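Me: Here is a structure I would like to go through term by term. Please set each value against its definition before you conclude anything.

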Amino acid sequence: MAPLAWALVFALVLFSLYTLAVSRGEPVNAMWLVTAAIGTYAIGYRFYSRFIAERVLGLDARRRTPALRRNDGLDYVPTDKWVLFGHHFAAIAGAGPLVGPVLAAQMGYLPGTLWLLTGVIFAGAVQDFLILFISTRRDGRSLGDLIKTEMGRVPGVIAMFGILTIMIILLAVLALVVVKALADSPWGAFTVFATLPIAVFMGVYGRYLRPGRIGEMSAIGFVLLLLSIAFGRTVSESALLAPLFTFKGETLAFMLIGYGFVASVLPVWLLLAPRDYLSTFLKIGTILSLALGIFIVWPDLKMPSISRFIDGTGPVFAGSVFPFLFITIACGAVSGFHALVSSGTTPKMIGDETQTRFIGYGAMLMESFVAVMALIAASVLEPGVYFAMNSAPALIGGTPDAAAAAISSWGFAVTPETLSGVAAEVGEKTILSRTGGAPTLAVGMAHILSSAVGGSAMRSFWYHFAILFEALFILTTIDAGTRVARFMIQDLFGAFFPAFGNTRAWAPNLAATAIAVSGWGYFLYQGVIDPLGGINTLWPLFGIANQMLAAIALTLCVVVLYRMKRERYAFVAIAPTAWLYICTLTAAFEKIFHDDPRIGFLAHARKFAAAADKEQLLAPAKTLAEMQRVIFNDYVDATLCAIYVTLVLAMLGFAIRAIRAARAAEHVTTRETEDELHDLQPARA
Amino acid sequence: MNCTICSLPGLDLNRLARKLRDGAKLMVGQGDYDAYVAHIRARHESAPIMTRDEFFRARENARFGAGGERAFRCC
């Protein structure tokens, strides 16, 4: 019976994918995408993750986990697996799986879907699961620590440095997404600003009025948020208030930089923690409502399955399907950052190591489904509207007429009236060139949610709700991330100057925070003034960085499998590692050396240098000094790519050395925590 | 509480509500206070026990404190 049922599921997946692929011209229902996704996840979980759990790793329920061995009632606590699943999922889900697929939709929904599904089954979920397992068997130690003990001190330091630079780029690109969403939008800017006093009020409430009542303070905060969205409309329509909350991108960038600095040095209970409560619950709630919305409405996908832009000439990001689709989608298929979460708090709370399969592999499947929903939300828009929102002004001009003409000439018919109409419906002056993915997702979500609740009258409310939801949790990542980066900087430099590493002294705290903030602030500002939108440059850099971190984490998994003498099964980690090395190295080389100035940093620098020699100005530069700065930025970006390449190639070298040593050894060489109880009993076959 | 669904075998609404509450709290870094108290009572009888408020603050600081990898969240 069971084999028959699984064969049926498999047939259903194939049929859904077939339906998605063959439709030419007419819209396909999102039902087929959802069916293909859920069916694939079910098969992957039931068969592949079980194979990894039982054959590859030999998970053993009798082996005592760190939570049991070191139970302290605080960090190390055996926790119910459903509760822990929620904790782990909330930690890995963020803006990445939402933004990446929206950008990738320029190639049509099919390429994105195929990579999201294959990527998660064979790479992303495998990475999360293996790292969680490896850390659980080693006292819940962190990724940097694990690399140090399994591969050596130098690779450990390299990995730590890599994590820091990746963090900086991540914060810059996320901040850029917020800037793009809030620029020239008084409604959006007002609601996001309103979250500051709301969070401070919650902080005071939870500290002095009713200590520790998270539920109460979050409920109050949520009601205040809804009121601020409602009042935001009044602000945007008021001649007096609207100009106060209408900001240019540059202004917003400096405000964000200042915010990141202040928020990460203030006492955490005042701003950081209450924002975290609000954004975490809002994130989970909104993800659930989007799922519910899709299941009620079953919208049609208006985007073609494969668009003409698979040739690499698309306006949203430059470069062809390989390697750039895999770089752009990032988090929903495989995300290096998850390796940090999987070696963070989760392994310290697992009561039974067989649960690493459900939590590590399972939570990543759910993250992939979030990415699938984002892809659906982007694909329910008219393609003309999608491209109007995601193309830079340099390509489509600044008016609905010019934009409609340009986009129609690409083969996506759209009228100026449609473009103005969509803007009016969501309560914005314009939707042109609202790049960065967040506004597109918000329009798509507003479309789906208003079809479920409230009709078109509620569309502008849902749009600003979606913008607020994204901005809120991105800002929470920015302030918490700046704080983490600060500690990493103090840790790294503290090795050379011990005084700098003192996290309780004010001077080093402020200095390290300033370094962190100016690091991501530099890239943010560079992105904001970029005439091609900035996302074009920064998102690929972030994608490369994130996927390279995944490559590093998976390399560790390969090494550990060899040291466990499980090389027979090492292919489960080698295959995704090899693929990530091929993708990221190709992408990094193309970003540096490609002849097309839209792709290659050096080509772009040459183009500007040639123009500067003839004393010509190219946008965005307005003076020759600005021309020089553009060229300088290109070299900075190219250098950063080169650093990433060096990092992963070095890791590859260390990995090969470690694998040869492991093969030469006759015994298991990996360093798991000894388990007295376990050693007394024969291992289960 | 006499409806048919609530009395279905295997469905324990109190347990479900407790799990949802615990799950929501752990998402923001707040562990189970009762489990902490039970642990200290059982293993370290003489050790002082934090009050509920102290526990809350200690967890909040731990989440965002030095070595703040606890607050790592993804992109």
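Reply: Start with burial: a residue is buried if 20 or more other C-beta atoms lie within 10 Å of its own, exposed if 12 or fewer, and partly exposed in between, with C-beta atoms placed from the backbone. Helices (H or I, at least four residues) and strands (E, at least two) are DSSP runs, numbered from the N terminus. By these terms the buried residues of α4(A) are A:Val83, A:Leu84, A:Phe85, A:Gly86, A:His87, A:His88, A:Phe89, A:Ala90, A:Ala91 and A:Ile92. This is a predicted model, in which local features need pLDDT of at least 70, side-chain atom pairs count only at pLDDT 80 or more, and totals for chains, interfaces and linings use all residues. Residues are numbered from 1 along each chain as its sequence is written, while chains are lettered from A and ligands numbered from 1 in the order in which they are written.

Me: What makes α4(A) largely enclosed by the rest of the structure?

Reply: Of its 12 residues, 10 are buried, so α4(A) is largely enclosed. The cover over those buried residues includes α12, α14 and α15 (355-379) of chain A, together with α1 (13-27) of chain B.

Me: How do you know that the span of α4(A) is close to the expected one?

Reply: The expected span of a helix is 1.5 Å times one less than its number of residues. α4(A) has 12 residues and reaches 16 Å from its first C-alpha to its last, close to the 16 Å expected.

Me: Which residues count as the contact between the chains, and how many does each chain give?

Reply: Two residues are in contact if their C-beta atoms, placed from the backbone, lie within 7 Å. Chain A gives 45 residues and chain B gives 31 residues. On the side of chain A that touches chain B, at least two residues each come from α4 (81-92), α8 (153-182), α12 (272-297), α14 (337-342) and α21 (459-494). The largest share, seven residues, is from α4(A).

Me: What classes of residue make up that side of chain A?

Reply: Ala, Val, Leu, Ile, Met, Phe, Trp, Tyr, Cys and Pro count as nonpolar, Asp, Glu, Lys and Arg as charged, and the others, Gly among them, as polar. On that basis the side of chain A that touches chain B has 26 nonpolar, 16 polar and three charged residues.

Me: Why is chain A called as compact as a globular protein of its length?

Reply: The radius of gyration is taken over C-alpha atoms, and the globule rule is 2.2 Å times the number of residues to the power 0.38. For 685 residues the rule gives 26 Å and chain A has 25 Å, which is close, so chain A is as compact as a globular protein of that length. Along its principal axes the C-alpha trace of chain A spans about 75 × 65 × 60 Å. Chain A has 27 helices and two strands, and 58% of its residues count as buried. Chain B has three helices and zero strands, with 32% of its 75 residues buried.

Me: What makes a set of residues a nonpolar core, and which members touch the most others in the largest one?

Reply: A nonpolar core is a set of buried Ala, Val, Leu, Ile, Met, Phe, Trp, Tyr and Cys residues joined through C-beta atoms within 7 Å. The largest has 246 residues, among which A:Ala172, A:Ala175, A:Val178, A:Ala388 and A:Cys557 touch the most other members. Helix α23 (residues 535-563) of chain A supplies the largest share, 21 residues. Leaving out residues up to four places away in sequence, A:Val178 touches A:Leu256, A:Ala471, A:Ile474 and A:Leu475.

Me: Is A:Ala330 buried or exposed?

Reply: A:Ala330 has 31 other C-beta atoms within 10 Å, so this residue is buried. A:Ala330 lies in the loop between α13 and α14 of chain A and has a positive phi of about 40 degrees although it is not a glycine.

Me: Why does A:Asp139 count as partly exposed?

Reply: A:Asp139 has 16 C-beta neighbours inside 10 Å, so it counts as partly exposed. A:Asp139 lies in the loop between α6 (109-136) and α7 (143-151) of chain A, with a positive phi near 60 degrees.

Me: Which residues of chain A have pLDDT under 50?

Reply: pLDDT is the predictor's confidence in each residue, from 0 to 100. It stays under 50 over residues 677-685 of chain A. Where pLDDT is low, the predicted coordinates should not be read in detail. Chain A averages a pLDDT of 93, and 98% of the residues score at least 70.
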